[in-house]
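Please look first at the sequence and the structure below. The text that follows then goes through a surface feature and an interface in turn.

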Amino acid sequence: MESPSRTIEAISVRALSKSYEGVAAVAGIDLSVARGEVFALLGPNGAGKTTTVEILEGYRRRDGGEVSVFGLDPGRDRARLKPLIGIVLQSTGVDRYLTVAETVRMYAGYYPHPRPADEVIDLVGLSAKRNSRVVKLSGGQQRRLDVAVALAGDPELLFLDEPTTGFDPSARHEAWQIVRDLAALGKTVLLTTHYMDEAQQLADRVAVISAGRIVAEGTPDSLAGRDRVRPRVRCRLPGGVAAPEGFAAAPAADGFLEFAPDDLTAALHRLTGWAIDRGVELEGLQIVRPSLEDVYLSLTDPTASGPGEGAAR
Amino acid sequence: MSIGATLRQVGYVNKMFWRNPASAFFTFAFPLMFLVIFTALLGHGTVVIGGRPVHQSTYYVASMGAFAVITACFTNTAISMTFSRDAGVLKRTDGTPLPAGVYFGARVLHAVFVAVLLVVITAAFGRAAYQADIPGGATLLRFLLMLVIGATSFCALGFAITAAIPNFDAAAPIVNAAIMPLLFLSGIFIPLGDNAPAWIVWVARIFPVKHFGDGFQAAFLGTSFAWSDVLVVAGWGLAGLLIAARYFSWEPRS
């Protein structure tokens, strides 16, 4: 999916910092996003996601560090950058008395090489609402119009700041499909979210941001060594039956026997063999790997000892 | 290229204006309503302006014309810009390649267009109902100059005052608190005449409203036209522009 010009990254950030009235919102962030990549910035509210993104978009000035978007500095070359990017802000309005088609055409007219308005409207699934006034749209439809407006100029890079917050589940799945369609067009997408499943579904790579710092970065499947962590085996033994030798462990709070074997296959074989020999039922037997959510919660937990270690061990 | 972009933007602003019928209706109905009310209440005598008696019903045609322009350019611009700012429309626009000058220019052009329309309607109504004189020739040209410079200047002041408006809920109270006292102190609602208290005359002399109103009186009542009035109004407009350039916010202020 990466375009040949990978040598110039879409986004490159070094040691970015920004404070508001002495409080650090962003405290030294490094990021790089390749062209054609869907990159998710995942973090709780107030972690610094929006500040970071708005610096990249040119809305905020940084206090320190280096930022480059398509080789341009958003602080200095904002006018040259604007035609290359599309922005979906966390909360925005559009003028209420225009129709969907008029709105998209108006914004398209601001760009040097716009994408045909009808195409954009189809892409976000608003064709049936083409001639409806914006006032008449539902919340989810207005959000799609936000995306349509951001796409009107046919940007290379799309910023989506919490695109599905407040959506019902079916609207979220539709929004995800739009992002996948954009990725299929070869667009670079930087999205922020606090939903794990959204990052998991959409992103090629994820960075977890907490208290203004990146605490982990990787593909959704390998984040913070998630793929290398030993899976845990869990089951419950009938009352009075002692755990077999080698599996002795204090039962978890819910009464489950829980252990993390070195060799999962061999351990399972021994355990089930033992159970069959004894005629013991292994209730609720399961193999558990840390979910992205487990990793995220431990990474962003302010009481955790250190970043990147937490639930992975 | 940017003229084309500006005109295109004016087209969209115009569309949005007329599609909010309540707002459009009252923009036009308000000054006419005031014209009828003030004339009914106070329009039976004469007022002495520059040593010259003027029939008060004609006086109100001139001053309600000025009031209409101030409403369309100052009040409406300030309130609708604050609305767009707080709704996030301005921030979104700021994220596109549209030059700020085109966006502001389109707003000003449209407000001036509405202002001219309002003056024409007010004058026509005044002519029909109160036999007001309609200016012509050089008087008309001087008047049109004052109208365009005044309308533009009041737009600039409308942009400037948004810097002092923290949120949309505060927009109407702040804008009205700024303009209503001046409208009274400048003789727009009640003629000042030659015997007005000195402090009121001084306040009126400082702010642009009276100077703008005097331009209308010169056109409709035949009083003398002063270029200094145009200069004072333009000076205020320039000050508004500088304040807006420095303090105008594209994003909600909270």
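**A surface patch and an interface**

In this predicted model, B:Met180 lies in helix α7 of chain B. B:Met180 belongs to a nonpolar patch on the surface, which also takes in B:Phe30, B:Met33, B:Ile37, B:Leu41, B:Leu42, B:Phe184 and B:Ile190, and these residues together have about 690 Å² of accessible area. Two helices of chain B, α2 (21–42) and α7 (171–185), each supply at least two residues of this nonpolar patch, and α2(B) gives the most to it, with 5 residues.

We turn now to the interface. Chain A and chain B bury about 2,300 Å² between them, with 52% of that area on carbon and sulfur atoms. On the side of chain A, the residues that lose the most area to chain B are A:Lys82, A:Tyr97 and A:Tyr110, which together make up 27% of what that side buries. The contact itself draws 26 residues from chain A and 21 residues from chain B.

The polar part of the interface can be described pair by pair. Across the interface of chain A and chain B there are 7 salt bridges, and A:Arg78 forms a salt bridge with B:Asp94, in which the closest N and O atoms are 3.3 Å apart. Polar contact is found across the interface for 14 residue pairs, counted where both residues are at pLDDT 80 or more. Within chain A, the helices α3 (100–108) and α5 (139–151) each supply at least two residues of the side that touches chain B, and α3(A) gives the most to that side, with 4 residues. Sorted by class, the side of chain A that touches chain B has 12 nonpolar, 4 polar and 10 charged residues.

Notes. Residues numbered from 1 in each chain as written. Chains lettered and ligands numbered in written order. Predicted model: local features only at pLDDT ≥ 70, side-chain atom pairs only at ≥ 80, totals over all residues. Heavy atoms only, no water. Contact = heavy atoms within 4.5 Å. Buried area = accessible area lost by both parts, 1.4 Å probe. Salt bridge = Lys/Arg side-chain N within 4 Å of Asp/Glu carboxyl O. Polar contact = N/O pair within 3.5 Å; in protein donor to acceptor, adjacent residues only side chain to side chain. Nonpolar A, V, L, I, M, F, W, Y, C, P; charged D, E, K, R; others polar. Patch = residues over 30% accessible without salt bridge, like charges linked within 9 Å, V, L, I, M, F, W, Y side chains within 5 Å. Areas by Shrake-Rupley, 256 points an atom, 1.4 Å probe, with all protein chains shown as cover.
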